[in-house]
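Biologist: Please pick a single part of this model and take me through it closely, with the cut-offs behind each term.

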Amino acid sequence: MNYSQTEKSILIIEDHEAMRLLLGLSFKNNFNTTTLSDPIAGLAWLSNGNIPDLIILDLELPKLSGYKFLQQLRTSGSFNRIPVLIVSSLVDDSNFEYLLELGIAGVVQKPFNMVKLKDKVTSLLLGTQVSLASWVLRK
């Protein structure tokens, strides 16, 4: 698959430095990427007029959980339509329905296969997603 879509932008919010670095480096050659370590910084970045085409979000984050970030994003007027891809080890049947209610674009379970994650991100950014059910990548 051709990933040369550098006009598209991704905001990555991940608190673990190694994972943030891995995600940032994996997408930087094909997309404009911004990586941040906490959701408060993410909200500040968004409020400065930055609107990414996709947000990759961990759920277990400092200062503000990924759930609370997503709730704030969805209740905002300006950012409520930004697709959010959850990349986390915390997603299971008990919280998946709630994440669907918050309007997520998909879920990728940690640990994940980077090639498959890149394919999912590219599909999302190019609008070729078939169904949300196909977006849940489990271990």
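A close look

Modeller: Lys63 lies in the loop between strand 3 and helix 3; helices (H or I, at least four residues) and strands (E, at least two) are DSSP runs, numbered from the N terminus. The model is predicted, so local features need pLDDT of at least 70 and side-chain atom pairs count only at pLDDT 80 or more, while totals for chains, interfaces and linings use all residues. Residues are numbered from 1 along each chain as its sequence is written, and side-chain values use heavy atoms, leaving out hydrogens and water.

Lys63 is not a glycine, yet its phi is positive, at about 70°. Its relative accessible area of 69% makes Lys63 exposed (over 50%; buried is under 20% and partly exposed in between, with a 1.4 Å probe and protein chains only).

In helix 3, the buried residues are Gly66, Phe69, Leu70, Leu73 and Arg74. They lie on the same side of helix 3, because their arc around the axis is only 130°, taken from the directions from the helix axis to the C-beta atoms. Their cover includes strand 1 (9-13), helix 2, strand 3 (54-57), strand 4 (84-88) and helix 4 (93-101), where contact means heavy atoms within 4.5 Å.

As for helix 2, Pro39, Gly42, Leu43 and Leu46 meet Phe69, Gln72 and Leu73 of helix 3. The residues of this contact comprise five nonpolar, two polar and no charged; Ala, Val, Leu, Ile, Met, Phe, Trp, Tyr, Cys and Pro count as nonpolar, Asp, Glu, Lys and Arg as charged, and the others, Gly among them, as polar.
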